Amino acid sequence: MKIVIIGSGMSGLTAGAYLAQAGHDVTIYEQFPTPGGVTATLRQDGFGWDIGPLLIEGFAPGDKARLILEELGVSAQVPSVHEDRLLSMPGFRLQKPEVYEGPYWRRERLKKLFPEESAALDRYYRFYDGMIRLMSLARRAETARGVAALWLKLRMWLAFQPVKDKVNWNGGQLMDHYFKSPVLKTFFLGIVADFVTAPSEFPGLGVPSIHLETAFDKRIPTYPGTHSAQTAFTYILGGCGSLVEAVMGVVTGNGGKVLTGTTVRRILIEGGRATGVQLEDGRLDPADLVLASGGMKEVFFDLVGREHLPEELIQQIESNRLMESVLMVQLGIDFDPTPCQPAALCYYYKTDDLEGAVRRIRAGDYHEGRDGFLIYVPSLHSPSLAPEGKYAVTIYTVAPDTLDEGDWSSRREELADKLVAAAEAHIPGLRAHTLTRLILTPEDYRKRTHQVHHSFGGVPPVIGNKPPAHKTPIPGLWFIGAQSESTGGVLNVMTGAQKVAKSILQGE
């Protein structure tokens, strides 16, 4: 079959690799001059930085993304290293002990910091363990068959009973149930701000899954070495560009084409079926199937057209809330930052008013780093990303797609300066020792992703959000990527694209 894919992010490349490997004629169109979407590595003056993924799950031996790379025959080209991260709160930072103290050392440290919450911490971690048990059984049930599947479903039902009273709770209610301290509530739930999602919008039972203990100590046993759902987190060595190059190589190595700087203007619909695409220059490219990634509104409303969509899908798309964007400042520095930040990645939370912080960002009110940010030093795990004796540093924070005062073009240098100044509270001397700097604002991400509103992680985990399914109501058209049912994250978009490609190969 002739298959056209729109977008060369990891969803488009993964689907294209499977389909080209199976012998189909695959063409991937990418409007940006370079492939990879936000899973790309930028280079300047001898330094390199990723612009999207950081410490990610799924790439440990035996895990889902690693298995995809093995199926595509490129696993050896994408080495990764198992690591963990730091979390800094106002007044304290929890750093893993030099000698391993077991999987609950953070609970015990928190008891010393918040003795009045000791019993609450014990109760929360019992809940955490119960949810990990439930998620672990669900993960095993994905591949189980016959009697084994029935047995696992029974065990899942039993594991669900202790938490079923919380099934309709949101994240804020869950934290209020366990803790009085607003600092502790933010400690466990602060990562939702990375999705620009308020605690009151986030599903309560999902809290353990976004704050896994294994993210903070790599010595804790992880999946798939155990039956636990606590996954291993890894960095892609040399930057995520190696992932893009490896999977794209499967496409081109099997006769497929990846055409950058080529914009698709329309998805052609004839007789109710997708029949190809029209390019910006007017050329037509007929196809048996079209796989589209990107923004849901851009794909369905702009490329397909509302006139071809059922009203139910239009309402579904319009009802979904999107994330906001990020401001990212990439630095090349000439001093070692590890005396100040010993790990490659640290999240710095600065506010315990998560509801207010999310509300302000959505209104266009940028916090200038006051609410928090992260600092990432990729050259600590990948020395090739900086000249010898130098270090690559990324500082980034969530930011409004559109500012309520001014615009990103006119304020990019000013706001980048303020973010670096905020980071200097933790790593002094960044500005004075900067050798090179690269700024990425929401406007830059809009251009890279071809979106009117840049939604950094795709569709946020907001209660009631329901992104479009991979299989669309239009025969011959599939929807993939971070704003599809797979949702965002490298692992999710790759497994979603794998699912779509295998469905196509099985004739669905």
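Predicted model: local features only at pLDDT ≥ 70, side-chain atom pairs only at ≥ 80, totals over all residues.

Leaving aside its neighbours within four places in sequence, which residues is Ile191 in contact with? Taking contact to mean heavy atoms within 4.5 Å, the partners of Ile191 are Ile210, Tyr347 and Tyr349.

Residues are numbered from 1 along each chain as its sequence is written, and side-chain values use heavy atoms, with hydrogens and water left out.

To place Ile191 for you, the residue sits in the loop between helix H7 (182-189) and helix H8 (207-210), where helices are DSSP runs of H or I with at least four residues and strands are runs of E with at least two, both numbered from the N terminus. Ile191 counts as buried because its relative accessibility is 8%; by that word I mean under 20% relative accessible area, with exposed meaning over 50% and partly exposed in between, using a 1.4 Å probe and protein chains only. If you look for Thr27, which is 164 residues away from Ile191 along the chain, you will find the two C-alpha atoms separated by 37 Å.

The loop between H7 and H8 also holds Val196, which has a positive phi of about 50° although it is not a glycine. Is Val196 buried or exposed? With a relative accessibility of 2%, Val196 counts as buried.

H7 comes up again when we turn to helix H12 (residues 354-362), because the buried residues of H12 pack against H7 and strand E18 (391-399). Those buried residues are Leu354, Gly356, Ala357, Val358 and Ile361, and just after H12 there is a positive phi of about 90° at Gly364.

Another helix with a positive phi just after it is H14 (442-449), where the residue concerned is His450, with a value of about 60°. His450 belongs to the loop between H14 and strand E20 (477-479), and with a relative accessible area of 45% the residue is partly exposed. H14 itself is mostly covered, since 6 of its 8 residues are buried, namely Pro442, Glu443, Tyr445, Arg446, Arg448 and Thr449. The elements that cover these buried residues include strand E3 (41-44), strand E15 (325-333), helix H13 (408-423) and strand E19 (434-440).

Let me move now to a sheet. Here we have an open sheet of 3 strands in the order E5-E9-E6, with antiparallel pairing, two strands being counted as paired if DSSP finds at least two bridges between them. Strand E5 (56-57) and strand E6 (80-82) stand at the edges with a single partner strand each, so one side of each is left without a neighbour in the sheet.

Strand E9 (residues 233-236) is joined to E5 by 2 bridges, and along that pairing Ile56 has Thr234 as its bridge partner, while Glu57 stands opposite Phe233.

Let me finish with the chain as a whole. The protein chain has 15 helices and 20 strands, and its C-alpha atoms fill a box of roughly 70 × 60 × 45 Å along the principal axes. Its radius of gyration, taken over C-alpha atoms, is 23 Å, which agrees with the value near 23 Å that a compact globule of 508 residues would have, the globule rule being 2.2 Å times the number of residues to the power 0.38. Of the 508 residues, 59% count as buried, and among contacts with a separation of 6 or more, 72% are accounted for by residues 24 or more positions apart.
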